[in-house]
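Trainee: I'm new to this one, could you walk me through it?
Mentor: Gladly, and we can begin with a term we will need later on.

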Amino acid sequence: MVSVNFFHQFIFISSKMQHNFSQSFFLFPLIVFLLSHHFPRSLCLDDYRYSECNSSSGFECGADLGKIEYPFWVSGRQPEYCGHPAFKLDCEEGEGEYAVIEIMSQRYKVLQIDYGSQILKIVTVKNAFPTNPLVCPESTVLDSILFEYNNSSVRTVAFTLTYNCSADDHHPEYSYNFSCKIGDQDHEAYLATNTSWLYELKNRCEYGKVIDDFPVLERELQGLKGSSDDQVGKVLRAGFEVRWRADNGLCQKCILSGGTCGYDISSNKSCCFCRDKPYQTTCSNRTYSPA
């Protein structure tokens, strides 16, 4: 009886071992096949920088600007390597959400971004909102390496800010009187294209300051119909346009190769984030497009 039971157990164990061996025999070639072949990267996890900076996922900052793309990046919503350090946008709340860029320590509200022509339309935050009192203009300084005025639309004019001036009824053509604030102090001011007259006016005042080469939009200046806070305020609040330079030609090559543009902070150069890893300019041939 014992010998019969032992025989049955031996047959059962042998059968199970043969079944397991059969499974292993077929699994081994499959494992070798999987390890020795490359598959589309859509089956794998993408590089985290590619995923975080891919503009197709749609980063926005205010309804007016649409999708934010390189060289700009949205602070607090994207890592800093998603854009050029000088093109950081801060999303702020005022009359709705709006984007702010800082250029040479001056803060500007971004009114429009044209990626095709690389033109940025901006206005000082202090004069961005019509409901706020008109603030006196300040000297405008651009980072000449990254920005230049859009000469096809921008004209530079001069302002003088005055206080307690002696009377003079002589106002040359294309000079416009208005009032504005510095802090809580009201100032009489003039916008003019005749800079020499503004310096003469300054010398007749207890306080006077001339601001040369202030950028305004040519079309707004041509539409100026007279001296008033509303008229000159409209010119100031319309802002001006600058053209930016930030390796956008290289960025287009990166996009065409299937990558997304970014910035290598360690080398201070733009780069191309691809599905497998970052490259200097374009993705390699082994970087596959999305499925």
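Mentor: A residue is called buried when its relative accessible area is under 20% and exposed when that area is over 50%, with partly exposed for what lies in between. Please also keep in mind that this is a predicted model.

Trainee: Okay, so is Asn-268 buried or exposed?
Mentor: Asn-268 is exposed, because its relative accessible area is 53% and the cut-off for exposed is over 50%. Asn-268 sits in the loop between strand 12 (260–264) and strand 13, and its phi is positive, about 55 degrees, although Asn-268 is not a glycine.

Trainee: What about Ser-105, what is its phi?
Mentor: Ser-105, which is not a glycine either, has a positive phi of about 70 degrees. Ser-105 belongs to the loop between strand 3 (96–103) and strand 4 (106–114), and it counts as exposed because its relative accessibility is 67%.

Trainee: Let's zoom out. How many helices and strands does the protein chain have?
Mentor: The protein chain has six helices and 14 strands. Of its 291 residues, 37% are buried, and among the contacts with a separation of 6 or more, 58% involve residues 24 or more positions apart. The chain exposes about 17,200 Å², of which carbon and sulfur atoms supply 53%.

Trainee: And in what order do the strands of the open sheet of seven run?
Mentor: The order is 1-2-3-4-5-11-6, and the pairing in this open sheet is mixed. Its edge strands are strand 1 (73–74) and strand 6 (147–149), each of which pairs on one side only.

Trainee: How do strand 5 and strand 11 pair?
Mentor: Strand 5, residues 119–124, and strand 11, residues 240–244, pair in the antiparallel sense over four bridges. Within that pairing, Ile-122 of the one stands opposite Phe-240 in strand 11.

Trainee: Which strands does strand 9 pair with?
Mentor: Strand 9 (residues 185–192) pairs with strand 7 (residues 154–165) in the antiparallel sense over five bridges, and Thr-162 stands opposite Glu-188 there.

Trainee: Switching to helices, what do the buried residues of helix 5 pack against?
Mentor: The buried residues of helix 5 (residues 229–237) are Val-232, Gly-233, Val-235, Leu-236 and Arg-237. They pack against strand 5, strand 7, strand 8, strand 9, strand 10 (205–217) and helix 4 (218–222).

Trainee: Where does Gly-62 lie?
Mentor: Gly-62 lies in the loop between helix 2 (48–53) and strand 1, and it counts as buried because its relative accessibility is 8%. Gly-62 and Tyr-98 are 36 residues apart in sequence, while their C-alpha atoms are 4.7 Å apart in space. The loop between helix 2 and strand 1 also holds Pro-71, which is joined to Tyr-70 by a cis peptide bond with omega about 15 degrees.

Trainee: Last topic, cavities. What is the volume of the largest cavity?
Mentor: The largest cavity has a volume of about 50 Å³, and the count of cavities of 30 Å³ or more comes to one.

Trainee: Which residues line it?
Mentor: The lining of the largest cavity includes Tyr-70, Asp-247, Cys-251, Cys-254, Cys-261, Cys-271 and Cys-272. Helix 6 (248–256) and strand 13 (269–273) are the elements that give two or more residues to that lining, and the lining residues divide into seven nonpolar, three polar and one charged.

Conventions
Residues numbered from 1 in each chain as written. Predicted model: local features only at pLDDT ≥ 70, side-chain atom pairs only at ≥ 80, totals over all residues. Heavy atoms only, no water. Pairing = 2+ DSSP bridges. Buried < 20%, exposed > 50% of the residue type's maximum accessible area, 1.4 Å probe, protein only. 1 Å grid on protein atoms, 1.4 Å probe; cavity = no way out; pocket = protein on both sides within 12 Å on 5 of 7 lines; lining within 4 Å. Points joined across faces, edges and corners; volume = space filled by probe spheres on them. Nonpolar A, V, L, I, M, F, W, Y, C, P; charged D, E, K, R; others polar. Contact = heavy atoms within 4.5 Å. Areas by Shrake-Rupley, 256 points an atom, 1.4 Å probe, with all protein chains shown as cover.
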